[in-house]
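These are my notebook entries on one structure.

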Amino acid sequence: MALAYNHEEITARKLKPVLLDLDGISPATIEAHYRLYEGYVAKRNEILTRLADVDLASANQVHSDLRSLKLDLTFALGGIKNHELYFDHLGGSGGEPKGGFGQLVARDFGSAAAWRADLKATGLAARGWAWTAYDWDEKRLFNHIGDAQNTFPVWNATPLVALDVYEHAYFADFSTDRAGYIDAFFDNLDYTVVDGLVEAYGMRA
């Protein structure tokens, strides 16, 4: 028996021109990074197409087409969603978060400096991603580690800041100086985008 997956193919969001004029992060890095994102979109479409004809009767936790496709789908979807947030909130001038996000940061971390220090350390400890996310159960921000596209660790938490620390995000510009890249990431954050998410989701300090 096959399960019909009703889905529409999606296309990669266009690369914002401002991302090719960042402070410290080169256009070549952004363009290469964007091509990886396009690959995740293509694989999402391919996997959902293949799932339409998968044999459900052969499903098995050791190895089966269904297991492989569904597991890989989480990686592709993570790669899409993580990068869309990453690209969306780059292109700003950094500085201090002052809107709704700034209020949450002040409440939950004590200061913007403390939040940045914690997220930077989280990024240095991560193998792939670090996120500032709002936990809807605890009603607070927390900086989480994710070691792969599909290892965001907490249910019912919404990422607001996505810090990509895979080598492809920084190695061409910073070599092994991940800390320098993270500083550049902060310098290019557009807090109006983050504030827009806080407002859209109705998060309150």
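I first examined helix 4, which lies across strand 1, strand 2 and strand 3 and runs at about 20° to strand 2. Helices (H or I, at least four residues) and strands (E, at least two) are DSSP runs, numbered from the N terminus. Contact means heavy atoms within 4.5 Å; axes are lines fitted to C-alpha atoms, for helices over the stretch in contact, and angles run from 0 to 180 degrees between N-to-C directions.

I noted that this is a predicted model, in which local features need pLDDT of at least 70 and side-chain atom pairs count only at pLDDT 80 or more, while totals for chains, interfaces and linings use all residues. Residues are numbered from 1 along each chain as its sequence is written, and side-chain values use heavy atoms, with hydrogens and water left out.

I found three strands in an open sheet of order 2-1-3, with antiparallel pairing; two strands pair if DSSP finds at least two bridges between them. Strand 2 (140–146) and strand 3 are the edge strands, each pairing on one side only. Neighbouring strands are turned by 25° against each other on average, direction ignored. Helix 3 also packs on the sheet, where it touches strand 1, strand 2 and strand 3, and its direction makes about 85° with that of strand 2. I then counted seven bridges between strand 1 (residues 129–135) and strand 2.

**Helix pair.** I recorded an angle of about 80° between helix 3 (residues 100–109) and helix 4 (residues 112–125), with their axes 8 Å apart. Helix 3 is therefore roughly perpendicular to helix 4 (65 to 115 degrees counts as such). Phe 101, Val 105 and Phe 109 of helix 3 meet Ala 112, Ala 114, Trp 115 and Asp 118 of helix 4.

**Pockets.** A pocket is an open set of points on a 1 Å grid over the protein atoms alone, where a 1.4 Å probe fits, with protein on both sides within 12 Å along at least five of seven lines; lining residues have an atom within 4 Å of a point. Volume is the space filled by probe spheres set on the points, which are joined across faces, edges and corners.

For the largest pocket I noted about 660 Å³. Of its 24 lining residues, Gly 78, Lys 81, Asn 82, Phe 152 and Pro 159 lie nearest the centre. Helix 2 supplies the largest share of this lining, eight residues.

The second largest pocket holds about 170 Å³. Its lining includes Tyr 40, Arg 50 and Asp 72, and helix 2 again gives the largest share, six residues.

How values were computed. Parallel < 35°, antiparallel > 145°, perpendicular 65-115°, else oblique.
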